[in-house]
Amino acid sequence: MTSTEVQSGSAPAFKHDAHQDGHDIKLTPFTLLRYTLSVALLAFSIAIVVALIFTGNTRVARDANPWVALIVTAIAIIWLSMIEGEQASLVGLPPVDPDLYKDSHPITYKVAALAFRGDNLDRYLMGRQFMVLLVVFVIGQCTAPLDPTVDVLGLPSGVKFVFLDIGLATIVFTCVLGQLTTQVNASHCMIDFANNYFALFTLYVAMTIEFTGVMHSAYLIQNILAAVSGKPIQSNEPPKTGFTFAFFWGRVIMSLAILGFCVTVVLYALLNGYTISFHLSPSCGCPSLFFMSVVGCLEGMQIAFFAVAKIPASERGSGVFGKKTCDLLFSGNGQNLPGFMIGRQLTVVCSFFLVGSFTSLTIVPGEGNNIFGVSDGAQAFLNYGFQGAVMTTILASITWQYAASAFPIAFMNSPVTYVLLLVALGLEFTGICAGAWVLALIQKKVMGFQYDEVYVGTPEERLANNHPDKEFGDDVGHLTGGGFMGHAVGSHDALDGPITSKDAIDA
């Protein structure tokens with residue numbers, strides 16, 4: 001193996017040239033076919049989204065201007081791609097000695113220094129969760145059709161049903177461009193991906209959102225689940241006392257009030273037919289609760305899957321469905337786990353858009369029908385459905401993640417988990433989002449991304465150079481889930497943890 005020394009502060013780093021293609025995918029005729037069809041599907045979806053916008057058949061295009069809708073969509077997609085990619089970077093880098101990239105990637109070092117101080121990583125993940133929901137809701141308002149029956153590009157009714165009524169165009173558009181492309185690169189190019197001020201800005205925004213306290217009611221749920229499970233919450237900070245204690249719980253109370261208001265608005269609108277989707281289903285309250293439950297299950301499943309991956313196979317599930325789920329998930333070379341993550345992404349985004357449509361209001365301000373008598377400005381704001389983002393983030397996302405982190409085996413034994421795993425793997429097998437790998441390769445070339453081991457070596461090489469990875473703690477109750485902090489930097493196994501002794505290299 002060839003290597004070039006790179007001065008990196010107190011710890012000299014080595015650029016390991018032999019690792020430059022360590023994670024490249026080998027192309028086969030079947031893979032090329034999947035890539036080609038997926039890219040064509042993406043191009044078709046983009047054409048439909050643009051056509052919807054410029055025919056004024058989306059909410060923002062109708063209420064503001066088609067160009068406003070297009071510009072907001074572009075900004076939202078770019079920011080969503082950073083939010084999703086940065087998460088992959090920040091949950092994977094904590095075990096790595098930051099001195100290894102301190103001088104070669106100074107902005108990544110700044111990002112890491114802030115994110116890994118105390119409990120800031122959990123704060124970031126809390127704020128980031130709301131950011132994802134909020135941005136996806138904004139994309140939905142800009143790109144989802146108001147009337148799927150209106151002519152778009154002269155498409156036949158069957159095609160319109162799939163791409164407009166079901167929403168495949170918006171789902172593919174969002175998943176491939178805004179999520180999976182950067183996740184593919186950031187999962188193995190964490191150090192390069194975070195080495196920019198956009199990543200630092202996004203980190204500050206996420207932590208600011210958490211600081212506002214809007215999501216703090218989730219911490220009450222975290223404490224309740226920790227007490228029920230008998231597993232204390234692990235923290236890197238001293239217990240809260242005095243003003244810090246009062247300020248924390250004051251924000252929890254404020255968050256409960258905000259959540260209560262959001263739930264009340266949503267339920268009132270659903271029961272009185274004041275939502276966009278009421279024309280599709282007068283009883284759309286049931287579908288909205290169903291899709292929120294789907295989101296919750298899928299959010300909890302990813303936490304439970306990574307948690308049980310760390311324990312012996314004999315302890316992963318005692319029930320019939322628990323064993324069937326484990327057999328399917330961890331069979332062979334473990335490829336079904338990343339396959340589930342892709343299918344899960346499709347299902348979650350689809351559910352987000354549907355919940356967004358169910359919680360967006362149709363009350364016209366100024367006609368005397370404002371909900372609870374709020375001002376016209378407040379009613380116009382509520383019409384965009386952001387109360388659904390708050391409600392979904394806390395009740396259908398974070399709560400289920402905490403629950404799965406505290407009770408992973410219970411999730412594994414659920415028949416719903418097994419069914420949703422089959423659905424996710426089926427969606428991934430279709431190759432709908434395979435084009436993300438093509439775009440990821442293009443982005444990697446354009447941005448000059450290198451795999452992490454090029455800069456910091458593999459876990460084995462870091463250990464041999466007296467820079468072993470740090471231990472993963474038991475973080476039951478944390479959003480990263482069951483102690484899993486992403487795959488080990490430079491590892492080829494998504495389930496690897498840190499190698500802490502030289503004997504483990506030969507094990």
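1. A residue counts as buried when its relative accessible area is under 20%. Arg59, at 7%, is therefore buried. The model discussed here is predicted.

2. Arg59 pairs with Asp63 in a salt bridge, and their closest N and O atoms are 3.9 Å apart. Both residues belong to helix α2 (residues 59-63), where 4 residues, about one turn of the helix, separate them. An α-helix has 3.6 residues a turn, so residues three or four places apart point the same way. Asp63 is partly exposed, because its relative accessibility is 41%. Salt bridges with shared partners join Arg59, Asp63 and Arg62 into one network.

3. How many salt bridges does a search of the whole structure find? The search gives 6. Side chains of opposite charge can pair when their charged atoms come close. One of the bridges is between Glu84 and Arg128, at 2.7 Å from N to O. This pair links distant parts of the chain, with Glu84 in helix α3 (residues 66-90) and Arg128 in helix α5, 44 residues apart. Both Glu84 and Arg128 are buried.

4. Another salt bridge joins Glu299 to Arg344, with 2.9 Å between the closest N and O atoms. Here too distant parts of the chain are linked: Glu299 sits in helix α12 (residues 285-308) and Arg344 in helix α14, 45 residues apart. Glu299 is buried at 2% relative accessible area, and Arg344 is buried at 7%.

5. Helix α14 (residues 336-359) also holds Gln345. Is Gln345 buried or exposed? Gln345 is buried, because its relative accessible area is 6%. Leaving out residues up to four places away in sequence, Gln345 touches Glu84, Cys175, Gln179, Leu180 and Gln183.

6. Helix α10 (residues 217-229) has 13 residues and spans 19 Å from its first C-alpha to its last, close to the expected 18 Å. Its buried residues include Tyr219, Ile221 and Leu225. The buried residues of α10 pack against α5, α9, α11 and α16. After α10 comes Gly230, with a positive phi near 75°.

7. The second largest pocket holds about 750 Å³ of space. Of its 30 lining residues, Asp119, Arg123, Glu237, Lys240 and Phe248 lie nearest the centre. Helices α5, α9, α10 and α11 each supply at least two lining residues, and α11 gives the most, with 6. The lining divides into 13 nonpolar, 10 polar and 7 charged residues.

8. Leu153 lies in the loop between α5 and α6. Its phi is positive, near 55°, in a residue other than glycine. Leu153 counts as exposed, because its relative accessibility is 54%.

Terms used: Residues are numbered from 1 along each chain as its sequence is written. This is a predicted model: local features need pLDDT of at least 70, side-chain atom pairs count only at pLDDT 80 or more; totals for chains, interfaces and linings use all residues. Side-chain values use heavy atoms; hydrogens and water are left out. Buried means under 20% relative accessible area, exposed over 50%, partly exposed in between (1.4 Å probe, protein chains only). Contact means heavy atoms within 4.5 Å. The expected span of a helix is 1.5 Å times one less than its number of residues. On a 1 Å grid over the protein atoms alone, a cavity is a set of points where a 1.4 Å probe fits but cannot get out, and a pocket is an open set with protein on both sides within 12 Å along at least five of seven lines; lining residues have an atom within 4 Å of a point. Grid points are joined across faces, edges and corners, and a volume is the space filled by probe spheres set on the points. Ala, Val, Leu, Ile, Met, Phe, Trp, Tyr, Cys and Pro count as nonpolar, Asp, Glu, Lys and Arg as charged, and the others, Gly among them, as polar. A salt bridge is a side-chain nitrogen of Lys or Arg within 4 Å of a carboxyl oxygen of Asp or Glu.
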